[in-house]
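Thank you all for coming; please have a look at the chain on the screen while I walk you through a few of its residues.

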Amino acid sequence: MKFTAPLALFSLTTLLPLFPSFTPAVKACTIVDATTQVAIHGSRTPAQQSNDITTDNEGDCFNNTVVGNTTQLGISPGQVVQSNQGDYTVGGGAVNGLTTPNITVTPETQVDVYSPAHDPEFLNHLRP
């Protein structure tokens, strides 16, 4: 049986995914910080919510991940103040000269709910 060059090349490319050593995976360096702040209060003054996240990378990086997850719940008859600070750095050097991109994702959710049930003055507003 005689193989022609195009057929042999086609056969080799179809088998490459079966051999991981021939197809290196790219693994990015990531920083993820998910912050949730919930304030349920009886004060008519809005809650003071702040989320200050700083991120940095050391340049050469391969397949490293930094993850932060913060949840703050404030329930009060008065005003609520919530503050979160985070400082993240990812690094770790190259592997066989290969570096990957640095990806940063920092979603934040802030919920501010005025609750008459927590307001000690609420019933005073309803009286004639």
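Which residues make up the largest nonpolar core? Before I answer, please keep in mind that this is a predicted model, in which local features need pLDDT of at least 70 and side-chain atom pairs count only at pLDDT 80 or more, while totals for chains, interfaces and linings use all residues. Residues are numbered from 1 along each chain as its sequence is written, and side-chain values use heavy atoms, with hydrogens and water left out.

The largest nonpolar core has five residues in all, namely Cys 29, Ile 31, Cys 61, Tyr 88 and Val 90. By such a core I mean a set of buried Ala, Val, Leu, Ile, Met, Phe, Trp, Tyr and Cys residues joined through side-chain atoms within 4.5 Å, where buried means under 20% relative accessible area, exposed over 50% and partly exposed in between, with a 1.4 Å probe and protein chains only. At least two residues of this core come from each of strand E1 (29-41) and strand E4 (81-90), strands being DSSP runs of at least two residues, numbered from the N terminus.

Leaving aside neighbours within four places in sequence, Cys 29 is in contact, that is, with heavy atoms within 4.5 Å, with residues including Cys 61, Val 90 and Asn 63. Asn 63 lies in the loop between strand E2 (48-57) and strand E3 (65-76), is partly exposed at 39% relative accessible area, and has a positive phi of about 60 degrees although it is not a glycine.

Finally, Val 80, in the loop between E3 and E4, is buried, with a relative accessible area of 5%.

Conventions: Helices (H or I, at least four residues) and strands (E, at least two) are DSSP runs, numbered from the N terminus.
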